[in-house]
Amino acid sequence: MSISYPLDSGFLIKNKRKLKKQYLADGVKRIKKKAAFLCGSTANDIADMCELFLLDNGIEPEFYCSEYNQYWQDAVFGNPELDAFNPDIIYIYTTTRNIEKYF
């Protein structure tokens with residue numbers, strides 16, 4: 001099983017749990033990595049798709065997702081839960097809705 005171009009996003013979204021289960025049961029030894037999503041809006045679907053692509057490429061991810069619109073507070077003031085998670089990479093996901101003031 002492999003995810004290849006052209007992507008069928010509807011299939012991936014519909015079958016994400018089944019695909020994840022198949023990847024984890026295939027016996028492939030994967031590198032374990034931790035990724036934190038600091039989000040201005042909901043990023044669960046993005047994390048789910050990232051997980052499939054990473055599994056397909058030999059990486060078994062573990063994710064931390066910040067609370068809704070708490071990306072700035074987590075990054076600037078710290079967060080004991082995020083600190084304890086100790087991510088290998090941090091992905092900051094925001095949108096124009098998160099801009100509080102335009103100059």
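Biologist: Which side chains meet Lys20 in a salt bridge?

Modeller: A salt bridge is a side-chain nitrogen of Lys or Arg within 4 Å of a carboxyl oxygen of Asp or Glu, and here the side chains of Glu51 and Lys20 meet in one at 3.3 Å, N to O. This pair links distant parts of the chain, with Glu51 in helix α3 and Lys20 in helix α2, 31 residues apart; helices are DSSP runs (H or I, at least four residues), numbered from the N terminus. This is a predicted model, in which local features need pLDDT of at least 70 and side-chain atom pairs count only at pLDDT 80 or more, while totals for chains, interfaces and linings use all residues. Residues are numbered from 1 along each chain as its sequence is written, and side-chain values use heavy atoms, with hydrogens and water left out.

Biologist: Is Glu51 buried or exposed?

Modeller: Buried means under 20% relative accessible area, exposed over 50%, and partly exposed in between (1.4 Å probe, protein chains only). Glu51, at 12%, is buried, whereas Lys20, at 32%, counts as partly exposed.

Biologist: Which residues do salt bridges that share partners join into one network?

Modeller: Lys16, Asp45 and Asp48 are joined in this way. Lys16 meets Asp45 at 3.6 Å, N to O, and because Lys16 lies in helix α2 (residues 16–25) and Asp45 in helix α3 (residues 44–56), that pair ties together parts 29 residues apart in sequence. The side chain of Lys16 also meets that of Asp48 in a salt bridge, at 3.0 Å, N to O.

Definitions and conventions. Helix = DSSP H or I, 4+ residues; strand = E, 2+ residues; numbered from the N terminus.
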